[in-house]
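Here is a short report on a few places in one protein model. Look at the structure first, then read on.

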Amino acid sequence: MKPLPRIHNLSQTVSMFNQGCASFEQAMSAVEDRNYANFQTSLQRAARDVADTIEWALKAYLDHFPDLPPEDRRKLSKPNFYDLMVLMEKWANPVMDRDARRRLEGYRKLRNKVTHEGAIPPFEEVRNAIQETRQIILTYFPGVEAGHLQTFSKEKESNVLVKAQGVRELIRNYERRLQKLREQKSKFGFNTPPEISIEIEDIEAEIKRLQATIVSESAGPIWPTTLPWNDPYYRLPERDGELDLIVQHLLKKETQWGVFVSGLGGIGKTATAIEIGRRCMAAHAFERVLGDSAKLDFLVDGRVAQADDKAVLNFENFLNELGTQLDRPELRLKPFDEKRHVLSRLLDQAPYLVIVDNLETVQNATQIVRDLPQLLGRSRAIITSREVISANTLPLILKGLDETDSLFFLREDAQTRQCEDVIKASDAVLREVHQAVEGQPLALKLIVGQAANFGLDYALAHIKNTRGDIYRFIYWDSWQKLSLPAQEVLIYLGGAPTSVSLNELLDVPFSIDHDDDLTAAINQLIKLSLINVSQPEGKKRYAIHELTRSFVNSDLPELWSQQGMA
């Protein structure tokens, strides 16, 4: 093996990478020895070393450019991570694409959590960081040979993942029992028998203990870091059976190629898709979960926050992400047809579950819906979108929770956040909360969060009178996509006291030239989940959710005026 090239800081970069690999190997050995304390410290050390290696590698690569302008050279004297990313985008050959930069930023954030908060990093994320860092070194330093870089035992890695899978199955069994007990406690209220409360406490403590070991060993090894796999999900009494039917549908080999989950923003599409994925993995029907989220906006503490990277996901970027998750990162450098052919073969060799989250923000979304079936082979897919796109999939249209599930959701979320106001609230008060938002999960979570800080009375009054960010998050994207006739119809329905028929709408003096335009407007509103369709006595009638009505009658007048349509 040849010596390392004489590049400034390269030897230190390789040494730091090898330290990270050694720490990762020690962490896996600690799992086999059941020494979880040593496992945690070794995994933390590996995460720090590998993230530091990334920065050293990028700096070493950029340092060797002789024609680097003085301004860029000054940035390298004391670079921050953002500067390095900007310079790599400007100078690197091959160019580092959006997905790679996003993942590297994720590893940097992971290191910061480990360093400043003492967090235990997810096992697979550290493994992915090691693999990607190895690829960076081999790509940008041609003189470095694979033998210069340490590897880790695949056999030990496999043992860690198998052990974690068994622990997860045990946790799921406990969670099923816990759900039944909580349902009983919810019915009994203040008269709950003490033995139920004691068993709930015991099971919660055992789940917490088990979760501590599984998070330490391999936090989500079968899930990609691009999806919120560890977000909590409450197994709702009424909706739960429907999800089990969806799972059974996905497990059938002769079934359609996937499930299409649609509904308004904040209705729980992502959480539902992730829960379906969890249940599929519990059935051991798929090798692992793959996928990506194109979500650009998040509601945090009642305010809309933008994603760090505003670049819109497209089909080729999605294929690049799948390639990375399947340990084929080099595919991003291949021609489009070649990478699609290779991925098609990989997805047919073993069954994977592919999740595409927030399809409505994907560039050329129809291409994914059109081409994904040919790509999947033995694999299956779950797609979430605010907008329904015709596809040969099982449709799951999410609406607000019914009253039973709303009350269950409120009490579960209140237990999670220790919100006494909601925990102690009567069913009558919680029904009022449900009616105010028509069971919209995001709004229910917002109420619990505000109740924990300001009291339930304030939270309920605030959601009834609120304007701004929550409506923008739920409705703004859909509103912008509506045609002018569809906007007019939505405004009209917002003022209608009851549901209306097509004949009644035909009598309204809309600025619509033909009846077909009205039908097209109604179909667009249905497609975007903005109106409900009922058929009493076999005749279609149209109405809107109460939360939608609040949006129409609060924020929309101002928007309508700004468009010159008041």
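At 0% relative accessibility, Ser406 is buried, because buried means under 20% relative accessible area. The model is a predicted one. Ser406 belongs to helix α14, which covers residues 403-417. Leaving aside residues up to four places away in sequence, Ser406 is in contact with Leu401, His434, Gly439 and Leu444.

Gln535 is another case. Its relative accessible area is 49%, so Gln535 counts as partly exposed. Gln535 sits in a loop. That loop runs between β9 (532-534) and β10 (541-543). Ser501 is 34 residues from Gln535 along the chain, and the C-alpha atoms of the two are 9.7 Å apart.

Now to a strand. How many residues of strand β6 are buried? The count is 6 of 6, over residues 380-385. In a regular strand, side chains alternate between the two faces of the sheet. In β6, Arg380, Ile382 and Thr384 point one way. Ala381, Ile383 and Ser385 point the other way. The residues of both sets are buried.

Strand β6 has pairing partners, including β1 and β5. Strand β1 runs parallel to β6, and β5 also runs parallel to β6. The table lists the bridges.

| Strand joined to β6 | Residues | Bridges | A bridge pair |
|---|---|---|---|
| β1 | 258-262 | 5 bridges | Gly258 with Ala381 of β6 |
| β5 | 353-357 | 4 bridges | Val356 with Ile383 of β6 |

Both β6 residues in these pairs, Ala381 and Ile383, point the same way from the strand.

Notes. Residues are numbered from 1 along each chain as its sequence is written. This is a predicted model: local features need pLDDT of at least 70, side-chain atom pairs count only at pLDDT 80 or more; totals for chains, interfaces and linings use all residues. Side-chain values use heavy atoms; hydrogens and water are left out. Helices (H or I, at least four residues) and strands (E, at least two) are DSSP runs, numbered from the N terminus. Buried means under 20% relative accessible area, exposed over 50%, partly exposed in between (1.4 Å probe, protein chains only). Contact means heavy atoms within 4.5 Å. Two strands pair if DSSP finds at least two bridges between them.
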